[in-house]
Amino acid sequence: MNRQEELIAAIKSGESQKVARLLDDDRSLVDARAGEVSATLLALYCGKREIAELFVERGKQLSFPEACALGDLDGVQRMLAADSSLLDRRSDDGYPPLGLAIFFRQPEVARYLVSQGADVNAAATNRQRVAPVHAAATVSDSESMRLLLERGADPNARQEMDYAPMHSAAAHGDVEMGRLLLQYGGDPRARGADGKTPADVARERGHAAFVTWVESA
């Protein structure tokens, strides 16, 4: 196993001390990648923000998607001022910057991107087809969801398995999110490719209150 492979393995297993040691021994590893994904984004995908920050501390020059995901608003503003095409340019693994900002709970960055004209319906170009509304529903960010819907986002956008945001709200038992989606035209009886409705998803996850609400919506 070479050093880059060792680094990636340490990130996936959450060994922050080992990651720090490897980066200190070889600073070129700040630009390491795991296939289409940078090691920095990989750390975030693995839920290890503290590891992602180790790369920044050691001089990692963030890409636009990385800056959005990490909440580096100054960096986002600076890069966007230099190249406006970054606004809706997907990450190497296919995700829109706005979706990354929302998914990784960076509402200030998300609001800025929307204020600059980011496409609120921009979906991932990979098989997941995740749009910003799906990200907001997944992390139960009703503030960002309202902003998206006010700007014309499709409340019934379909992601992988043809699931709509209402399915994501159901998976979390998030009645507040469900009501918000319904207010803007979300379909409480949307069916995924597997035939499941939001009520079915909520029932499987044990969210009885959501089932009661959505079946009466």
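Leaving aside neighbours within four places in sequence, which residues is Glu-66 in contact with?

1. Glu-66 is in contact with Ser-38, Thr-40, Leu-41, Lys-60 and Gln-61, once its neighbours within four places in sequence are left aside (contact means heavy atoms within 4.5 Å). The residue belongs to helix H5, residues 64–70 (helices are DSSP runs of H or I with at least four residues, strands are runs of E with at least two, and both are numbered from the N terminus). Glu-66 is buried, its relative accessible area being 3% (buried means under 20% relative accessible area, exposed over 50%, and partly exposed in between, with a 1.4 Å probe and protein chains only).

2. On the basis of the note: this is a predicted model, in which local features need pLDDT of at least 70 and side-chain atom pairs count only at pLDDT 80 or more, whereas totals for chains, interfaces and linings use all residues. Residues are numbered from 1 along each chain as its sequence is written, and side-chain values use heavy atoms, with hydrogens and water left out.

3. Leu-23, placed in helix H2 (residues 16–25), counts as buried at 0% relative accessibility. Leu-23 is in contact with Leu-7, Leu-29, Val-30, Leu-54, Phe-55 and Arg-58, leaving aside neighbours within four places in sequence. Between Leu-23 and Arg-3, which are 20 residues apart in sequence, the C-alpha to C-alpha distance is 9.6 Å.

4. The largest nonpolar core has 74 residues, and those with the most contacts inside it are Leu-7, Ile-11 and Leu-113 (such a core is a set of buried Ala, Val, Leu, Ile, Met, Phe, Trp, Tyr and Cys residues joined through side-chain atoms within 4.5 Å). Not counting residues up to four places away in sequence, Ile-11 touches Val-19, Ala-39, Leu-42, Ala-43, Lys-48, Ile-51 and Phe-55.

5. Helix H6 (residues 73–82) packs with helix H8 (residues 107–115) at an angle of about 20°, their axes being 10 Å apart (axes are lines fitted to C-alpha atoms, for helices over the stretch in contact, and angles run from 0 to 180 degrees between N-to-C directions). H6 is therefore roughly parallel to H8 (angles under 35 degrees count as roughly parallel, over 145 as roughly antiparallel, 65 to 115 as roughly perpendicular, and the rest as oblique). In this contact, Leu-73, Val-76, Gln-77 and Leu-80 of H6 meet Glu-108, Val-109, Tyr-112 and Leu-113 of H8.
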